[in-house]
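I opened the notebook to look up salt bridges, a surface patch, a helix and the domains. My notes follow in the order I made them.

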Amino acid sequence: MMRTAIVSLFPELVDAFLSAGVLGRAVRDGRLECARINPRDYAQDARQTVDDRPFGGGAGMVMMVEPLGEAVRQARSTVPDGAPVVFLSPQGERFDHRIADELAALDGFVLVAARYEGVDERFVATHVDRELSIGDYVISGGELAALVVLDAVARLLPGVVGNPNSITSESHVDGLLDYPQYTRPETHTAGRTPEVLLSGDHGAVARWRRRQALGRTWLRRPDLLLDRELGEDDRALLASYMRDTAKAG
Ligand code: 9D3
């Protein structure tokens with residue numbers, strides 16, 4: 001069982017994702033636990049203030065160190081000793097499959113989602129072990145980012161995604177994009193299903209899929225091929241795809 005916690009001013013946003021689909025089942029099956037902690041509950045004044053104006057001036061508000069820090073202290077009491085505190089922030093290291101693997105190997109962690117224009121840097125200095133971003137664009141708060149991380153990690157936990165093969169052949173696990181998929185009907189005005197998929201020749205299907213995965217990765221995400229060494233079979237499949245693409249192009 002992995003024990004996590006999310007610190008957020010909008011626990012109801014988190015709840016929706018934790019009750020549906022793969023994450024919901026992981027929680028119901030007892031493979032994942034996620035406590036929700038609201039910094040508002042740790043505000044120090046009667047008005048429950050969690051943000052204030054930035055020293056030095058400027059637009060927007062900054063989350064105060066004390067409510068956030070107390071919320072993290074509470075969150076840490078719900079996860080195993082030594083579990084890291086992960087702060088979702090545009091200044092963080094870019095989240096990817098490798099980091100998801102690292103987090104999935106732990107017995108728990110705390111995710112901190114911020115709102116407003118940022119948090120008091122002293123909170124980061126004293127409570128945060130790791131800072132993660134989900135990409136180079138601006139979103140309105142850390143909740144979506146925390147849920148992206150939690151979803152990607154939960155899928156890697158044993159038993160969470162039913163068929164273990166659907167994990168190993170999945171995009172980015174072996175560093176390639178997915179091959180194209182088809183279901184009924186065989187023929188549609190938008191096109192016919194490739195004959196090989198209807199042939200019943202499992203070896204031919206596997207080779208076609210691998211060739212498509214390699215070819216699409218080469219066309220759409222060549223960066224993914226640059227930092228990996230292809231085996232002899234993969235090189236032949238990709239060369240064949242490239243020849244066909246040159247002919248068709
Ligand atoms: C970068 C923009 N900031 C300076 C003008 C203000 C700001 C806007 C929105 C600061 C934080 C946020 C809220 N974003 C996150 O909390 C966040 C985030 C993101 O915006 N992009 C990618 N990954 C992440 S992780 C958390």
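Entry 1: I began with R94 and D136, whose side chains form a salt bridge at 3.0 Å, N to O. I count a salt bridge when a side-chain nitrogen of Lys or Arg lies within 4 Å of a carboxyl oxygen of Asp or Glu. R94 sits in strand 5 and D136 in the loop between strand 7 and helix 6 (143-154), so the pair ties together parts 42 residues apart in sequence. Helices (H or I, at least four residues) and strands (E, at least two) are DSSP runs, numbered from the N terminus. R94 is partly exposed, at 45% relative accessible area, and D136 is exposed, at 69%. My cut-offs: buried is under 20% relative accessible area, exposed is over 50%, and partly exposed is in between (1.4 Å probe, protein chains only).

**Entry 2: ground rules.** I noted that this is a predicted model, where local features need pLDDT of at least 70 and side-chain atom pairs count only at pLDDT 80 or more, while totals for chains, interfaces and linings use all residues. Residues are numbered from 1 along each chain as its sequence is written, and side-chain values use heavy atoms, with hydrogens and water left out.

Entry 3: How many salt bridges does the rule give? I get 17. One of them joins the side chains of E93 and R130, at 3.3 Å, N to O. E93 belongs to strand 5 (residues 85-94) and R130 to strand 7 (residues 130-133), so this pair ties together parts 37 residues apart in sequence. E93 is partly exposed, at 35% relative accessibility.

Next I looked at R98 and E102. Their closest N and O atoms are 2.7 Å apart, in a salt bridge. Both are in helix 4 (residues 97-104), and because they are 4 residues apart, about one helical turn separates them. R98 is partly exposed at 44%, and so is E102 at 34%. I wrote down that E93, R98, E102 and R130 are linked in a network of salt bridges.

**Entry 4: a nonpolar patch.** Which residues make the nonpolar surface patch of about 400 Å²? I found F17, Y137, I139 and L144. Patch residues have over 30% relative accessible area and no salt bridge; like charges are joined within 9 Å, nonpolar side chains (Val, Leu, Ile, Met, Phe, Trp, Tyr) within 5 Å. Areas come from the Shrake-Rupley method with a 1.4 Å probe; for residues, only the protein chains shown count as cover. F17 is in helix 1 (residues 11-18). F17 is partly exposed, at 43%.

**Entry 5: helix 8.** I took the span of helix 8 (residues 202-220). Its 19 residues reach 27 Å from first C-alpha to last, close to the 27 Å expected at 1.5 Å a residue. The expected span is 1.5 Å times one less than the number of residues. Its buried residues include W208, R211, Q212 and R216. Helix 9 (222-226) and helix 10 (232-248) are among what covers the buried residues of helix 8.

**Entry 6: A43.** I found A43 in the loop between strand 2 (32-37) and strand 3 (51-52). Leaving aside neighbours within four places in sequence, A43 contacts Q48, T49, V50 and P67. Contact means heavy atoms within 4.5 Å.

**Entry 7: domains.** The domain assignment gives domain 1 (2-154) and domain 2 (172-248). Such bounds come from an automatic or database assignment. I noted 38 Å between the two centres, taken over C-alpha atoms.
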